[in-house]
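This report describes a single protein model, beginning with a strand pairing and moving on to the sheet, the nonpolar cores and the confidence values.

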Amino acid sequence: MARLSLLTRTLIALFAVGVVPLAIVSWRLIGINREGMTLQIIQTHALAAKSTAERIAAFLASRRSLADAIASNEMVAAGPRSTVSREVLQNIMEADPDVAAIVLNAADGAELIRLQRTDKSREMTFLLANAQKEPFAILQGEQEMFLAVRAPLRRGGSLRLVTRAAPMIDALKPQEIGDQAEMVVAGPAGEVKFGSVQSLTGFPPSMVSTASIARTSGSGSFKMPDGREVLGAYSPVGDSDWYVLSRQPGEAARVVESGMRRNSALALAAALLLGTLIAGITYAGVVRPIRQLVRAQRRVAGAGNVQQSGDEIKQLESAFALLEKRISDQEELDRIFLGRYQVLKVVGEGGMGTVFRGWDPKLQRAVALKTIRLGAAQSRDERHQLVQTLVNEAVTVARFSHPNIVSVYDVEESENGAFIAMELIDGVSLEKYLWRHGGRVKADEVTLLGVAMARGLAAAHERGIIHRDMKPANVLLDRNGAIKVTDFGIADLLSELKSDSGLIFGTPGYIPPECVNGGPFSPRGDLFSMGVILYECATGVRPFEKGSMAKTLRNTLTLQVPSPRSLNESLDAEIDEVILKLLQKQPEQRYATATEVADVLDKRVRERALRWSFVWPATVFERPAPEQQHAAFVKTRGLRRTMKLVGLR
């Protein structure tokens, strides 16, 4: 039996897991009738009315308990106007911030003593003067409501405790009955004590009458005099003569039912749309790429595009099997060579070519193989001439060995390019090292890096070799502690590729100002580029980089960079001075030679006995370094707002 395709099985799974259960639930919800919704609303009101009445009763009981405790206090009863009695009352008010006033009256109604909060003095005077003589009274203040509780004194007279009624007000706002419902607390005469409405005219008379007489909880569907249906509930408030009423129009059940039907239909439609969308994404992101991969693998394996049976996973497994067999039958894939060098693996890739780890079987040593793309635009003779330029430079570099320069072993021409066999550095570039250390290094490490680069440049300059593309990516750090400059002479080769005499090769942000203006590259230009590297190492900031190439080059010409020490206080003034001198706009204002720079920095190294130690964070997961700034051909001619980047990839 033929297996279903991956897309078909995905669709079935999506609808089985998501759409079908939702459809069943929606069908059940739509099937709920109005009677069921009415019963549910009534039950909700019954529960809300009862719980609200209990909360209010608990609050009244707590306030009455406090009033009784004050009234029965021996010191208060013995001398209501005494200093001791006043202190007792003051302590009670300080302990309970909700108490607004305490008043003691004699048996004939004369006021014996009154304590009230100063911020509510006038308000309390008015409210107490108009308060009714009942156990509990609601007083409507200017901004809030208060509860007055009356309790008899032990030796005659009475006490009135006035407290904030906010807890009772809040109890009348249960979330479960919704915004359309109304809830109030009423008294035995049918008056509204407090609530969402001012009168009971909107409540069914039969419901109000039953609630005021029965002294029990109840709920149901009631009729208004005009025949309208009202759903509601009632419940007495403890041992007081108050009761809670809640109501909601009977049509609420129909509204809820219609809303549920509408929401269920929308949810089902959304589920169908989402399922279709996921199916489309699955096809575009999974099924189609797998099918393309299967076809590509079959072509590589030599099986053509013959249609296969089975689903995509089976086809992929079959294509993998064919490809595996093809690879095992081709022993030459295990013997890839550039010239006499065996290629082992890719180490890195940049704008000019690819770097491989290789093996020299003749001398039995590991090497780095750097390919340089020359492109197909030139004729064979032109490419040969370019390679000869590189060979001549490489021969010069290979004639001397320096601890701060990557040794060159060999240069050979290959089709559409050339490759260099050079010393293999077991480590990383300074660019990646900076990235892994947060963008900058310690002040002493800046000195050591500067000494190493200056010594390498000095050795090359003495033999007439200018680097022309100094940047962190071209400074390699070996795990054994060596610091070496690489890619000497490649700029000379690539400069031959330019067809426009107004173009200069280099990396924006590191190119010296005189070259941006169209001048020739000199050894002091390498020193400027080294100054940019040291500034970046010391501060974590590329001094001239400003987003676009045009702005970066403009900054190189005009921007006076802030002192590195202003960005890194741990940097010594001497190193700060060296970096700023290297970054002078005019070449003659920089150091005359790299040897001079090396001597200045080497003095500090000897004084402090500094030694480079390769530190590679071991606790950070390995991730690729951010894309480096690649060297480019830059249109100079006084900048004239015209910049040009030649694609080297």
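In this predicted model, Val 185 stands opposite Val 244 in β10. Strands β6 (residues 182–186) and β10 (residues 243–249) pair in the antiparallel sense over five bridges; strands are DSSP E runs of at least two residues, helices are H or I runs of at least four, and both are numbered from the N terminus. Two strands count as paired if DSSP finds at least two bridges between them.

The open sheet consists of five strands in the order β7-β6-β10-β9-β8, with antiparallel pairing. Because β7 (192–195) and β8 (218–223) stand at the edges with a single partner strand each, one side of each lacks a neighbour in the sheet. From one strand to the next, the twist averages 25°. Helix α7 (residues 205–214) packs on the sheet and touches β8, β9 (229–236) and β10; its direction makes about 160° with that of β10. Contact means heavy atoms within 4.5 Å, and axes are lines fitted to C-alpha atoms, for helices over the stretch in contact, with angles from 0 to 180 degrees between N-to-C directions.

The largest nonpolar core has 64 residues, of which Leu 430, Tyr 433, Leu 449, Met 453, Leu 477, Ile 579 and Val 597 touch the most other members. Helix α12 (residues 443–462) supplies the largest share of this core, 12 residues. Apart from it lies another core of 42 residues, including Ile 56, Leu 104, Leu 172 and Trp 242. Such a core is a set of buried Ala, Val, Leu, Ile, Met, Phe, Trp, Tyr and Cys residues joined through side-chain atoms within 4.5 Å; buried means under 20% relative accessible area, with a 1.4 Å probe and protein chains only.

Thr 486 lies in the loop between β19 (483–485) and α13 (490–495). Thr 486 counts as buried because its relative accessibility is 7%. Beyond neighbours within four places in sequence, Thr 486 contacts Val 406, Met 422, His 467, Asn 474 and Leu 476.

The pLDDT, the predictor's confidence in each residue from 0 to 100, averages 79 over the protein, and 72% of the residues score at least 70.

| Element | Mean pLDDT |
|---|---|
| Strand β21 (residues 632–635), lowest | 54 |
| Helix α15 (residues 523–539), highest | 96 |

Over residues 329–334 the pLDDT is below 50, and this stretch has two contacts beyond near neighbours in sequence.

Residues are numbered from 1 along each chain as its sequence is written, and side-chain values use heavy atoms, leaving out hydrogens and water. Local features need pLDDT of at least 70 and side-chain atom pairs count only at pLDDT 80 or more, whereas totals for chains, interfaces and linings use all residues.

Notes. Buried < 20%, exposed > 50% of the residue type's maximum accessible area, 1.4 Å probe, protein only.
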